[in-house]
Amino acid sequence: MSKLEALILGMIQGLTEFLPISSTGHLYIGRKAFGLEDAGLFLDTMLHLGTLLAVLVVYQKELLHMIRHPFSRLSLILIIGTIPAVIIGFSFEDYFDRISTTGSTIGWEFLITGLVMYIADGVKDGYKKLEDLTYTDAFVIGSFQAAAIFPALSRSGLTIAAGLFRKLDRQTAAYFSFLLSTPAILGGLLIKGKDLFSGHVEAVSLPALMVGTAASAVFGYIAIVAMINFLKNRSLKIFSYYVWGLGILILVLQWAGIF
């Protein structure tokens with residue numbers, strides 16, 4: 001893998017992890033376009049490490065508060081919001097690994113992501129801020145996050161939509177969605193780390209790894225800040241149109257035997 005390919009994959013991971021268009025789905029497409037379907041578990045892990053670094057920078061104040069006060073209300077809300085993904089992830093890990101590898105369902109998943117966001121965007125503007133978030137809200141949003149374990153169901157798209165359904169205001173829905181991604185990304189890294197030590201690691205050059213990780217972190221940071229500001233007064237529908245178009249294109253290419 002070249003440094004340019006690693007850079008592009010890092011940009012894709014960073015942007016699409018937090019824009020509501022599915023990072024896993026886009027990485028699958030990017031790898032296929034470069035002929036890098038087996039780009040390496042180590043690279044995948046480092047790209048996710050990059051997005052984790054972006055979240056840690058943006059939410060350093062909140063995360064430091066939770067470290068100092070592990071039983072605070074915000075800590076409990078994050079724990080409750082993470083429980084559904086933990087249950088689904090461990091219960092169906094092998095199944096989701098299979099469909100992520102084949103990519104057979106991603107066209108339909110892009111279409112579903114677009115539909116959920118389109119419906120959520122039509123919900124009357126909410127009023128809840130982060131301090132108004134209830135444990136029920138956290139569990140419902142976390143359940144949407146658990147559904148996003150399918151490769152092209154956007155985690156950020158579904159959790160932002162769930163926040164809007166639960167009457168969070170638009171900025172708070174995005175803000176909590178990205179904060180909730182912290183344990184999800186960290187958990188994914190731990191699982192991948194376990195696989196790394198199994199010895200099944202493809203060789204990727206250190207310079208390519210560094211470039212990909214840095215790009216993922218930088219563009220992840222940009223995406224988080226941009227998306228929170230974007231939702232102040234703009235619609236999610238533009239993302240719905242994009243993933244609908246992409247989903248239809250993939251289904252056509254799969255039907256034609258090209259993809």
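By class, how many nonpolar, polar and charged residues are in the lining of the second largest pocket? The lining has ten nonpolar, three polar and no charged residues, where Ala, Val, Leu, Ile, Met, Phe, Trp, Tyr, Cys and Pro count as nonpolar, Asp, Glu, Lys and Arg as charged, and the others, Gly among them, as polar. The model is a predicted one, in which local features need pLDDT of at least 70 and side-chain atom pairs pLDDT 80 or more, while totals for chains, interfaces and linings use all residues. Numbering runs from 1 along each chain as its sequence is written, and side-chain values rest on heavy atoms, with hydrogens and water left out.

The second largest pocket has a volume of about 270 Å³. Of its 13 lining residues, L63, M66, I67, L78 and T182 sit closest to the centre. A pocket here is an open set of points on a 1 Å grid over the protein atoms alone, where a 1.4 Å probe fits, with protein on both sides within 12 Å along at least five of seven lines; lining residues have an atom within 4 Å of a point. The volume is the space filled by probe spheres set on the points, which are joined across faces, edges and corners. As for helices (DSSP runs of H or I, at least four residues, numbered from the N terminus), α4 (60-68) gives the most to this lining, with five residues. Helices α5 (73-91) and α10 each supply at least two.

S177 also belongs to α10 (residues 170-196). Beyond four places in sequence, S177 is in contact (heavy atoms within 4.5 Å) with R155, S156, T159 and I160.
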